[in-house]
Amino acid sequence: MEQNGDFKYFTGQETMQFAFIPVPMALLSDPCYENLSSDAKLLYALLLNRMNLSRKNGWFDEENRVFIYYSIEDIAADLHCGRNKAIKALQELDTEKGIGLVEKNRRGQGKRNVLYVKNFSQRKVRSRSLQIKLQSKMGVIQKFTFQTSRSLKSKLLKVLKLNF
């Protein structure tokens with residue numbers, strides 16, 4: 001999985017530029033996002049759309065960052081998928097387990113969690129695959145063989161004939 005990025009937060013007027021559902025081309029073409037599933041990319045596009053609603057509702061924090069409320073149940077309904085798939089898509093985007101495009105702020109005590117959607121086009125960190133390519137050009141990475149317990153040759157299983 002990608003390392004957490006240092007993405008900037010959307011502020012006031014920036015949310016107006018994404019008042020539609022298309023998936024940003026960068027999510028499809030930038031090597032930084034190549035390991036994201038299509039569900040996570042679509043969810044990010046939905047999150048961008050939700051930011052427009054948050055702006056209209058005046059949902060800004062003390063640092064003028066736009067935040068949204070978007071429950072797992074609402075995500076599952078909008079993606080037409082199950083709860084587990086919705087959780088997995090959000091985890092791919094979050095700062096704890098994913099690439100860092102979404103920051104979850106758990107408020108506790110029965111209050112809804114807040115999501116901050118970070119700007120995909122203003123990142124400071126490179127993708128893990130790009131870092132590996134750059135490091136290998138500089139001679140930092142040593143080659144290794146990936147060993148598995150599975151044999152390289154596949155064999156047929158023998159079936160015994162038994163008379164009962």
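User: Which residues of helix 3 are buried?
Analyst: In helix 3, which spans residues 72-79, the buried ones are I72, I75, A76 and L79. One thing to keep in mind throughout is that this is a predicted model.

User: Where do they sit around the helix axis?
Analyst: On the same side of helix 3, because they cover an arc of only 100° around the axis. As background, an α-helix has 3.6 residues a turn, so residues three or four places apart point the same way.

User: What covers them?
Analyst: The cover includes helix 2 (38-57) and helix 4 (83-93).

User: And what happens just after helix 3?
Analyst: There you find H80, which takes a positive phi of about 55°.

User: Nice. How many residues are in the largest nonpolar core?
Analyst: That core has 30 residues. Y33, L43, Y44, L47, L93 and L101 are those with the most contacts inside it.

User: Which elements give two or more residues to it?
Analyst: Those are helix 2, helix 3, helix 4 and strand 2 (114-117). Helix 2 provides the largest share, seven residues. In soluble globular proteins, nonpolar side chains tend to be buried together.

User: Can we zoom in on L43? What does it touch?
Analyst: Leaving aside residues up to four places away in sequence, L43 touches Y70, I75, L79, A89, L90 and L93. Two of these, I75 and L79, are also among the buried residues of helix 3.

User: Switching topic: how many salt bridges are there?
Analyst: The count comes to eight. Side chains of opposite charge can pair when their charged atoms come close.

User: Which residue does R83 pair with?
Analyst: R83 meets E73 in a salt bridge, 2.5 Å from N to O. R83 lies in helix 4 and E73 in helix 3, so this pair ties together parts that are 10 residues apart in sequence.

User: Is R83 buried, partly exposed or exposed?
Analyst: R83 is partly exposed, with a relative accessible area of 47%.

User: What about E103, what is its partner?
Analyst: E103 forms a salt bridge with K118, and their closest N and O atoms are 3.6 Å apart. E103 belongs to strand 1 (residues 102-105), while K118 is in the loop between strand 2 and helix 5 (128-137), so the pair ties together parts that are 15 residues apart in sequence.

User: Why does K118 count as buried?
Analyst: Because its relative accessibility is 7%, and buried means under 20%.

User: Where is R65?
Analyst: R65 lies in the loop between helix 2 and helix 3. This arginine is buried, with a relative accessible area of 11%.

User: Which residue meets R65 in a salt bridge at 4.0 Å?
Analyst: That is E63, with the 4.0 Å taken from N to O. In contrast to buried R65, E63 is exposed, with a relative accessible area of 52%. Salt bridges that share partners join D61, E63 and R65 into one network.

User: What polar contacts does the R65 side chain make?
Analyst: One is with the side chain of Y9, at 3.3 Å. Another is with the side chain of D61, at 2.7 Å. Not counting residues up to four places away in sequence, R65 touches Y9, F10, W59, F60 and Y116.

User: Do strands 1 and 2 run parallel or antiparallel?
Analyst: They run antiparallel, and four bridges join them. Within that pairing, N105 stands opposite V114 in strand 2.

User: Last one: where is N119?
Analyst: N119 is in the loop between strand 2 and helix 5. With 4% relative accessibility, N119 counts as buried.

User: What does N119 touch?
Analyst: Not counting residues up to four places away in sequence, N119 touches F7, K8, F10 and Y44. The side chain of N119 also makes a polar contact with the side chain of S121, at 2.8 Å. The C-alpha atoms of N119 and Y9 are separated by 6.0 Å, although the two residues are 110 residues apart along the chain.

Technical notes: Residues numbered from 1 in each chain as written. Predicted model: local features only at pLDDT ≥ 70, side-chain atom pairs only at ≥ 80, totals over all residues. Heavy atoms only, no water. Buried < 20%, exposed > 50% of the residue type's maximum accessible area, 1.4 Å probe, protein only. Arc of directions from axis to C-beta. Contact = heavy atoms within 4.5 Å. Polar contact = N/O pair within 3.5 Å; in protein donor to acceptor, adjacent residues only side chain to side chain. Core = buried A, V, L, I, M, F, W, Y, C linked by side-chain atoms within 4.5 Å. Salt bridge = Lys/Arg side-chain N within 4 Å of Asp/Glu carboxyl O. Pairing = 2+ DSSP bridges.
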